[in-house]
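Here are my notes on the model, point by point. Please read them with the structure open.

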Amino acid sequence: MLRLPLTVQLWLLLLTVLVLMWFPLPAQSSQSQPQAIWLMGEVHDHELGHDYRIRDLKAALGRSWRPAILMEQFDTERQDDLTRAWQTCKQAQCVVDMAGGSGWQWPLYLPLIQLALDYRLPLVAANVSRAQLSGVIKEGFDVVFEPAVIEQFALTEPLPQPWLDQQRHAMREGHCNLLPERMIDPMVNAQAVRDIMYARFIEDYASQGAVVIAGNGHVRKDLGIYVWLTPALRERVTVFGYVEIESGDALAYDRVRFMPAHPRPDPCES
């Protein structure tokens with residue numbers, strides 16, 4: 001067996017080190033593992049639910065999980081504003097001032113937005129605007145979605161059962177049984193558009209993981225975003241419900257935090 005001189009062995013060792021420095025071996029990290037996808041619900045005006053949710057999210061953030069935060073509170077058309085705010089703001093109120101709209105109790109969302117800033121979690125405007133939803137109700141899915149998306153989600157076919165019947169029932173009850181019958185299916189279509197939009201964003205951010213922040217109705221496993229996800233993505237999903245004791249349906253979620261009912265006027269009285 002040929003034995004190389006010591007000086008040659010040293011030079012080969014040095015050459016090996018240099019090669020490894022320039023062409024390192026692939027790192028064995030958790031990034032090669034599928035990243036978690038969380039659907040985290042809310043009762044919009046319930047402060048305790050917001051507190052529970054931020055605690056649950058904080059406890060899970062570790063070295064490898066840096067999910068995108070997909071928020072119902074920002075319309076998709078405000079994404080450029082939201083991105084600029086995320087890049088430049090140090091405080092959550094600055095983000096709201098630059099990219100937030102009306103109709104939300106923003107103080108409840110400041111801890112979540114601050115968490116995204118502190119951990120550098122991308123903020124994604126995931127909600128379909130009222131103007132777009134109005135177009136869907138009047139004209140159909142192609143107001144929002146391109147033909148490829150309509151084909152992907154089979155939106156030219158009848159919407160799936162029993163999902164459709166459950167959504168019709170929820171739409172009637174949610175509007176105090178006063179919504180004209182001819183408006184039920186167009187309103188259901190609008191609800192489907194919002195959930196499909198979330199599902200598409202989850203696909204976009206699946207490699208790093210995603211957390212959806214939306215009302216409990218959107219995250220329910222029987223009616224919401226989950227229905228529109230691929231089987232492969234569903235395997236990575238955990239659904240969190242933050243529900244009031246009197247109205248909660250524990251079977252619709254993987255994990256549930258029950259809260260006392262928040263006192264508020266009955267919307268049907270008006």
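1. Contact here means heavy atoms within 4.5 Å. Leaving aside neighbours within four places in sequence, L70 is in contact with V124, A126, Y198, F201, I202, Y205, A210, V211, V212 and I213.

2. Some ground rules. The model is predicted: local features need pLDDT of at least 70, side-chain atom pairs count only at pLDDT 80 or more, and totals for chains, interfaces and linings use all residues. Numbering starts from 1 along each chain as its sequence is written, and side-chain values use heavy atoms, with hydrogens and water left out.

3. The largest nonpolar core has 49 residues. Such a core is a set of buried Ala, Val, Leu, Ile, Met, Phe, Trp, Tyr and Cys residues joined through side-chain atoms within 4.5 Å. Buried means under 20% relative accessible area, exposed over 50%, partly exposed in between (1.4 Å probe, protein chains only). L39, L70, F145, L155, I202 and W228 touch the most other members. Helix α9 (residues 181–204) gives the largest share of this core, twelve residues. Helices (H or I, at least four residues) are DSSP runs, numbered from the N terminus. A second, separate core has 35 residues, including W65, F74, W106 and A125.

4. Helix α2 (residues 47–60) and helix α5 (residues 110–119) pack at about 15°, axes 10 Å apart. Axes are lines fitted to C-alpha atoms over the stretch in contact, and angles run from 0 to 180 degrees between N-to-C directions. α2 and α5 are therefore roughly parallel (under 35 degrees; 65 to 115 counts as roughly perpendicular). I54, L57 and K58 in α2 meet P111, L112 and L115 in α5. The residues of this contact divide into five nonpolar, no polar and one charged. Ala, Val, Leu, Ile, Met, Phe, Trp, Tyr, Cys and Pro count as nonpolar, Asp, Glu, Lys and Arg as charged, the others, Gly among them, as polar.

5. α5 also packs with helix α4 (residues 92–99), at about 105° with axes 8 Å apart. These two are therefore roughly perpendicular. A92, Q93, V95 and V96 of α4 meet L110, I113, Q114 and L117 of α5. That contact has six nonpolar, two polar and no charged residues.

6. Check the backbone in the loops. The Q161 to P162 peptide bond is cis, with omega near 0°. P162 lies in the loop between α7 (147–152) and α8 (163–174). A154 is found in the loop between α7 and α8. A154 has a positive phi of about 55°, although not a glycine, and is partly exposed at 38%. N177, in the loop between α8 and α9, also has a positive phi of about 55°. N177 is exposed, at 57% relative accessibility.

Key. Angles under 35 degrees count as roughly parallel, over 145 as roughly antiparallel, 65 to 115 as roughly perpendicular and the rest as oblique.
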